[in-house]
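Please keep the sequence and the coordinates at hand while reading.

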Amino acid sequence: MRTYKYEFSHQSNRIMLGNLIDDMHSVHLHLLRLQRRYYRIYGKSASLSRILKHIKKLKQTTKRHWYQLPSQMIQDVAIRINLAYQRFFDNIEERRLGKTKRKVGKPKIKPPHKYKSVTFTQAGYKIEGNRLTINCLDKSFTFWKYREWTGTLKKVTIKRDNVGDYYLHLTCEDYEPSEKLPLTGNEAGADFGCKTFLTLSDGTKIASPEFYKEGLTALRSANKALSRKQYLSNGWYRAKRYLSRIHKKIADSRRDWFFKLALRLVRKYDKIAIETLNLEGMKKLWGRKVSDIAFGEFSLILQWMCAKYSKTFLKAGRWVATTKPCSDCGYCNENLSLSDRQWICPDCGSDHDRDVNAAKNILQVGVPAS
Ligand SMILES: [Zn+2]
């Protein structure tokens, strides 16, 4: 599966798509309230087939205007709600059996600004060139087609983000495999760190970009402005969009940097090993800084990039020690403290840089990632 993302750029199109999403939100409201009532009375959710039958009846009686909406989308709203209830019930069962401690809440009614996407699965639309036609609206929407998609189209989703931009997501199956890069014979282990983003086993160090820190002042003032506004008022929406724009800009520039770095690594090395991260634990330990560096996002991008260009991607297990053992002789240096950047192995006498040594160990113990 692969998803292509295109932006809708005409303002008149965006307004119509926004109205469509808002209309689907009203369907969501109605169906979710219905399910909640059902749950209150019977202690379970109504089945999908029952809801679909009910929608048919609603269309003939009180909700005649639903005929103006794509019926596939309405169906999809019902499917999403049923899935959410299914997860809720499954979770109760799992917790009863002691399989998990995580709690999944009862499906919540979303406020309009959090309702962000509508989906077609099979019918009701047509795509020709750079135009998406929605049959029941009898209207075409132009998107900016900066590249072709390949494979069979499985799902068409229209999404609105927090900034108020609209995107077309095309999910395709059996897309054509990508080009191959020449093999170079190099391999590297990589150790994540706070000051240096990546330390490679051959001694290369890559400094961390701090996009979040740069935008922090702007974020703080935008957050303050938002908190002064009255919830869901016009001014609140304006302030919220402004805040989202700053967040989006930071996330975009970070992702861009990640992709470029991953491509650089994949071009240079045939085999790349990284450590498995315990992100939740790291966040608790170090705070915002880790979310800034976003190791998790980068390792996913790197894994994807390796798969794309047929290079080997390895992961060191979470419980394997990589810092303390000497990468030359295996001697485990128990006295190593967090502040020791350099150390000399008492057994074989090698002079180690802490991070480079860890990167070498990661390369040694790495196993193919699932
Ligand atoms: Zn040694």
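## Model and confidence

This is a predicted model, in which local features need pLDDT of at least 70 and side-chain atom pairs count only at pLDDT 80 or more, while totals for chains, interfaces and linings use all residues. Residues are numbered from 1 along each chain as its sequence is written.

The mean pLDDT (the predictor's confidence in each residue, from 0 to 100) of the protein chain is 87, and 95% of its residues reach 70 or more. Among the elements of the chain, where helices (H or I, at least four residues) and strands (E, at least two) are DSSP runs numbered from the N terminus, the highest mean pLDDT, 93, belongs to helix α1 (residues 11-42), and the lowest, 58, to helix α8 (residues 288-293).

## Domains

The chain is divided into domain 1 (2-173) and domain 2 (187-368), with bounds that come from an automatic or database domain assignment. The C-alpha centres of domain 1 and domain 2 lie 35 Å apart.

## The seven-stranded sheet

Seven strands form an open sheet with antiparallel pairing, in the order β2-β6-β7-β1-β5-β4-β3; two strands pair if DSSP finds at least two bridges between them. The edge strands, each pairing on one side only, are β2 (117-120) and β3 (125-128). Direction ignored, neighbouring strands of this sheet are turned by 30 degrees against each other on average. Helix α1 packs on the sheet and touches β1, β2, β5 (139-144), β6 (152-160) and β7, and its direction makes about 115 degrees with that of β5. Here axes are lines fitted to C-alpha atoms, for helices over the stretch in contact, and angles run from 0 to 180 degrees between N-to-C directions, while two residues are in contact if their C-beta atoms, placed from the backbone, lie within 7 Å.

Strand β1 (residues 2-8) runs antiparallel to strand β7 (residues 166-173), to which seven bridges join it, and E7 stands opposite Y167 in β7. Two bridges join β1 to β5, again in antiparallel fashion. Strand β4 (residues 131-134) is joined to β5 by four bridges, the two running antiparallel, and T133 stands opposite S140 in β5. The hairpin of β4 and β5 has four residues between the strands, and in it D138 takes a positive phi near 55 degrees.

## The six-stranded sheet

A further open sheet, of six strands with mixed pairing, has the order β10-β9-β8-β11-β12-β15. Strands β10 (205-207) and β15 (367-368) stand at its edges with a single partner strand each, so one side of each is left without a neighbour in the sheet. Helix α10 (residues 354-365) packs on this sheet, touching β8 (187-192), β9 (196-200), β11 and β12, and its direction makes about 125 degrees with that of β8.

Strand β11 (residues 271-275) and strand β12 (residues 312-316) run parallel and are joined by five bridges, with T312 in β12 as the bridge partner of K271.

## Packing of α6 and α9

The axes of helix α6 (residues 234-268) and helix α9 (residues 295-308) come within 9 Å and cross at roughly 45 degrees. The two helices are therefore oblique to each other, given that angles under 35 degrees count as roughly parallel, over 145 as roughly antiparallel, 65 to 115 as roughly perpendicular and the rest as oblique. On the α6 side the contact is made by F258, F259, A262, L263, L265 and V266, and on the α9 side by E297, F298, I301, L302, M305 and C306.
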